[in-house]
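Subject: The structure, and some notes on it

Hi there,

Here is the structure I promised to pass along. Have a look first, and my notes follow below.

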Amino acid sequence: MTEKKRVAVLISGRGSNMQALVEAARAPDYPAEIALVISNRPEAPGLAWAKDQGLHTLALDHNLYESREHFEGQLQSVLGLAKIDLIALAGFMRLMTADFVNRWQGRMINIHPSLLPAFKGLDTHEQALAAGVRISGCTVHFVVPEMDAGPIIGQAAVPVLPADTPETLAGRVLAAEHRLYPAMMAVVARGQAHMAETGLVWQRTDFSNINQAEAVFSPPL
Ligand code: GAR
């Protein structure tokens with residue numbers, strides 16, 4: 001197997017997606033290793049979990065830096081020292097400058113809890129319920145300077161039920177996130193899809209094993 005890609009996972013809180021990535025990366029044939037977990041919040045529960053697992057972790061408290069540029073300068077040198085190939089944002093709740101994002105173009109991915117381009121930004125489940133959609137989901141995409149707007153790598157859909165609250169919907173979407181993110185990170189790490197000027201380019205164009213009859217119906221038929 002070619003060498004595993006070295007991934008830095010950036011979190012701000014619970015870190016359940018980071019946990020899903022770490023667990024997937026334990027498989028011997030997984031194409032990436034989680035070389036570093038960084039949180040901009042020192043008290044993030046996910047950081048304590050990662051430390052417990054013996055992973056390399058770093059708290060980079062953005063409050064200690066006088067500007068976004070200074071914070072990102074420090075982040076960049078850490079990523080360089082750790083020879084990071086790929087950044088995975090996993091509940092990292094801090095906007096990045098265009099400079100930083102452009103430097104990592106095609107090498108930084110994010111998971112967002114909606115079917116983009118619907119419901120960008122925060123409170124996605126509140127937004128979905130307010131809009132009355134019957135299907136929601138999650139998206140893994142390459143990061144570009146514009147928020148939640150980069151080329152989409154993969155999505156998973158879940159039904160929205162009449163009794164849903166933002167919390168119950170969030171839980172259903174989160175379970176899908178935990179399956180989608182490790183799978184899409186593997187796609188990127190293997191070079192099966194990459195970001196080009198024109199958008200996403202698939203190297204693996206064989207979708208023959210996709211179940212074309214498998215649709216999510218909501219309400220059920
Ligand atoms: C996840 O639902 C993730 O999609 C979302 O934050 C949650 C983090 O949970 N990310 C965003 O909203 C980014 N705009 P986690 O810390 O347990 O992975």
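**Two helices side by side**

Helix H1 (residues 16-24) and helix H2 (residues 45-52) have axes that come within 10 Å and cross at roughly 20°. Here, axes are lines fitted to C-alpha atoms, for helices over the stretch in contact, and the angle is taken between N-to-C directions on a scale from 0 to 180 degrees. H1 is therefore roughly parallel to H2, a label for angles under 35 degrees. Their crossing is right-handed, so the near helix is turned clockwise from the far one by less than a right angle. On the H1 side the contact (heavy atoms within 4.5 Å) is made by Met18, Gln19, Val22 and Glu23, and on the H2 side by Gly46, Trp49 and Ala50. By type, these residues are four nonpolar, two polar and one charged; Gly counts as polar in this scheme.

Before going on, a word on where this comes from. This is a predicted model, in which local features need pLDDT of at least 70 and side-chain atom pairs count only at pLDDT 80 or more, while totals for chains, interfaces and linings use all residues. Residues are numbered from 1 along each chain as its sequence is written, and side-chain values use heavy atoms, with hydrogens and water left out.

**Backbone details**

The loop between strand E5 (108-112) and helix H5 (124-131) holds Pro117, and the peptide bond joining Leu116 to Pro117 is cis, with omega about 10°. Phe119 also sits in the loop between E5 and H5. Its phi is near 60°, a positive value in a residue other than glycine. Is Phe119 buried or exposed? Phe119 is buried, at 16% relative accessibility, where buried means under 20% relative accessible area, exposed over 50%, and partly exposed in between (1.4 Å probe, protein chains only).

Lys83, in the loop between helix H3 (68-81) and strand E4 (86-89), has a positive phi too, near 50°. Lys83 is exposed, with a relative accessible area of 61%.

Another cis peptide bond runs from Ser218 to Pro219, with omega near 5°. Pro219 lies in the segment after strand E9 (199-202).

**From the record**

An unreviewed UniProt entry lists residues 5-183 as "domain: Formyl transferase N-terminal"; such annotations may be inferred rather than shown by experiment. In the model, that span is 35% helix and 24% strand, and its end C-alpha atoms lie 14 Å apart.

Best wishes

Note on methods. Helix = DSSP H or I, 4+ residues; strand = E, 2+ residues; numbered from the N terminus. Parallel < 35°, antiparallel > 145°, perpendicular 65-115°, else oblique.
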